[in-house]
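Please keep the sequence and the 3D view at hand while reading.

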Protein chains: 2
Amino acid sequence: MAEKKVEAITSMEEDFAQWYTDVVLKADLIGYTSVKGFMVLKPAGYAIWELIQHELDRRFKETGVENVYLPLLIPESLLQKEKDHVEGFAPEVAWVTHGGLSELQERLCVRPTSETLFCDFYQKDITSYRDLPKVYNQWCSVVRWEKETRPFLRSREFLWQEGHTAHATAEEAEERTIQMLNVYADFCEQVLAIPVIKGQKSEKEKFAGAVSTYTIEALMHDGKALQSGTSHNFGDGFARAFGVQYTDKENKLQYVHQTSWGMTTRLIGAIIMVHGDDNGLVMPPRVAPTQVMVVPIQQKKEGVLDAADQIAASLSGLRVKVDKTDKSPGFKFAEQEMRGIPIRLEIGPRDVEAGQVICVRRDTGEKETLSIESLPEVIPQLLETIQKDMLEKARAHRDAHTYVAKTWDEFTDTVENRPGFIKAMWCGETACEEKIKELTGATTRCMPFKQENLADTCVCCGKPAKKMVYFGRAY
Amino acid sequence: MAEKKVEAITSMEEDFAQWYTDVVLKADLIGYTSVKGFMVLKPAGYAIWELIQHELDRRFKETGVENVYLPLLIPESLLQKEKDHVEGFAPEVAWVTHGGLSELQERLCVRPTSETLFCDFYQKDITSYRDLPKVYNQWCSVVRWEKETRPFLRSREFLWQEGHTAHATAEEAEERTIQMLNVYADFCEQVLAIPVIKGQKSEKEKFAGAVSTYTIEALMHDGKALQSGTSHNFGDGFARAFGVQYTDKENKLQYVHQTSWGMTTRLIGAIIMVHGDDNGLVMPPRVAPTQVMVVPIQQKKEGVLDAADQIAASLSGLRVKVDKTDKSPGFKFAEQEMRGIPIRLEIGPRDVEAGQVICVRRDTGEKETLSIESLPEVIPQLLETIQKDMLEKARAHRDAHTYVAKTWDEFTDTVENRPGFIKAMWCGETACEEKIKELTGATTRCMPFKQENLADTCVCCGKPAKKMVYFGRAY
């Protein structure tokens, strides 16, 4: 029964990177294309993104966000208006030089992000305090010409949402920046079952053009960090560069204060690397495209397929499928496991007679016999239990792989031998950050909102410490 | 009360094109950008697209469609694989020549449509009859370097969905082509309240690379036609060009048969031009981002805003807003009319006392007094009535502007003096089509599925007629 007819994948312990690639391909999430760094999101992969979109979009709208769509292409002169921003992005954009049969007078880049377009738009669309705030978001794809690429984690094109807001005051902009970070953190924990650390990026790591960047950082199964969402406060820097002004109630001209915030298909990579195991993907129920797979055993025997269909019908409101293909049960089991479907219900001729099914949890492998009539009540509860257990398991893993380093020796020893987050004190100087990165490969992930005083001196230079920081090697 | 504080728009009779542009801008659907032919879809415009997407996507999924996402960029060599296709699209694509700081070895075009990408993908993904059918769709934007551009109707970038399917047999492909055309026609009539003519495109007008193209054609208020959705049967032409083959049950290698079908943001232009009037947009309730606008009168008087909020709350399940801005009632009325919100509910202090509201239909201007307690029952019914009435009104207009021309004189006279569809007989020769277009500006819109025998000879050349055709000047 338990035979594996799906080709085996590399084990996580043996080679985590290869395991990841194997899962991405065998779970049928993506297909490679003939252009490096561009991938096809296949139905199983895109369906996860659709559920992520649906959940995030609902949460956005509850906070007053409105969706818009801005152009794909940015004139070079527009990209260059904000100095830090163009320095950050110009080296990695794709340039359109010809439209139809003629050369363009000005090159257009494929948007790597849309701050400049939103500023240009807001400059035209905002005149009075009555026009504020603008709380807009768009769902689209962006292109960044990365050298090294990996499915979901770093690709030349990816799907995302980018929120861009304009406010009358600095306080309101800061409030929105934090509000959206909280939406992201809550979404990750409640929907993706991924616990995150909330904090602020260092000067070195912040977004090109931002006054401050906030981030949520998650820990993958291999102990590496993944930046999972960011929210930026731009102050009035972009507004000054683009002349985005409004007249206030006293009829004075003021610059707006702006924010932006984004989440991407990278989250699918996070789901894989936080929850997956040696049998493949393990999907949190709330974003599982299929939540329950009913597998009929000896399906040609009378009554089996009918019973399977009736079970599926009785679970209305859930995402349920019946695997009626002519594959062997063992193959079907392995396939359902590879795709990470949270619950499998097995039903054979004897089960039909006994009015029962075998119920198998994907996350723990636990099996139990359930009466068919109990399913409409038990299965939704079980999905909730799985969702909670997956979050707790991920949190326990994260906590067990979060270390404290008070000295440089402790720091280097931990980086080398105990992959995970390292909490350490920092003087606040970019020089120390750069030295740590050069010598250990670990970067400052964030200065967490929840600060602790672990020591009085910087773990690197020994000067007085200003902040506790989460360090880690990262994707 | 009825004073118009929203700037007046050009009347339809005076200048239909200017009226259209005025509505698009004053109803706040789009914003122009600094790149010609690229526009911003503002919240009011994008919200319509979201509702269209939601409704269409649901209908697609009911027929077994799965969503995917394919890359934005197509290598030049891939675009060139199918001869007719490249001839059709190469003159109007945008070319990416540089990625990051270096020139690309091969130019990449921004997808104008994704047949070539889907073929490349299917060639890798399909091996056996077990892999068929593939019934995939993607929601994305495409770029076509049009010379003349108009908001929604013809822009250099637009949003759309493109379905691409692969089947084992020619019959199955043809069946899917027609099935999706029917989904489109039903969607237009039931959701957009736009009646359409279903039929086949002539050889001259069919899609580059297709064996046959089917279309739905709608008639705008000014008597011009608008192609509103197309569905193409490719036969095995693309499959042969790209080598998309499968082994059948007898283990023989076969080419797949393919289809594609698409609808775009152009539909928003159709809604405007079919239903709009001199006060602005008139939205069919099923795609109206706001279905009911509650307008409080003398809103500072005690109880008015509370009553307005209670009314909105009592209409849960509908898309309702309360206009609490400090604008005058007249201004609010004009704004609600400009945006085409189907129902306006006015409530002032005396109405609160009497437990009633004034209910105004946007489509007819009809006013009636309704008791507040009846609203949860009456308003949903009224929205359904409006939806039906709008379809019937559009159908009556279309039928009243559909003419028959049996002779060349009748044909030219009708084109010049009675804008609308012209039904006429045709010999089937491209030469006649071209002559008619050159002399009158009218094109073959389609050979309708419902054929009639109006005469025995071609309206142009007098040779024996083969088909009845809908002719018309078109957008």
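**Aromatic rings and their neighbours**

In chain A, helix α1 (residues 16–26) holds both Phe16(A) and Trp19(A), which are three residues apart, or about one turn of the helix. The model is a predicted one, and over all chains it holds 38 aromatic pairs. A pair of aromatic rings is described by the distance of the centres and the angle of the planes.

- Phe16(A) and Trp19(A) are both buried.

**A pair between a loop and a strand**

- For Phe207(B) and Phe234(B), the ring centres lie 5.8 Å apart with the planes at 50°, so this pair is tilted.
- Phe207(B) lies in the loop between β9 (197–200) and β10 (212–219) of chain B, while Phe234(B) lies in strand β11 (residues 225–235) of chain B, so the pair ties together parts that are 27 residues apart in sequence.
- Both members of this pair, Phe207(B) and Phe234(B), are buried.

**A cluster of rings**

- In chain A, Trp49(A), Phe60(A), Trp139(A), Tyr184(A) and Trp261(A) are linked into a cluster by ring pairs.

**Arginines over ring faces**

- In chain A, Arg107(A) lies over the face of Trp95(A), at 3.9 Å from the ring centre.
- In chain B, Arg344(B) lies over the face of Phe333(B), at 4.0 Å from the ring centre.

Technical notes. Residues numbered from 1 in each chain as written. Chains lettered and ligands numbered in written order. Predicted model: local features only at pLDDT ≥ 70, side-chain atom pairs only at ≥ 80, totals over all residues. Heavy atoms only, no water. Phe/Tyr/Trp six-rings, centres within 6.5 Å; stacked < 30°, edge-to-face > 60°. Helix = DSSP H or I, 4+ residues; strand = E, 2+ residues; numbered from the N terminus. Buried < 20%, exposed > 50% of the residue type's maximum accessible area, 1.4 Å probe, protein only. Lys NZ or Arg CZ within 6 Å of the ring centre and 35° of its normal.
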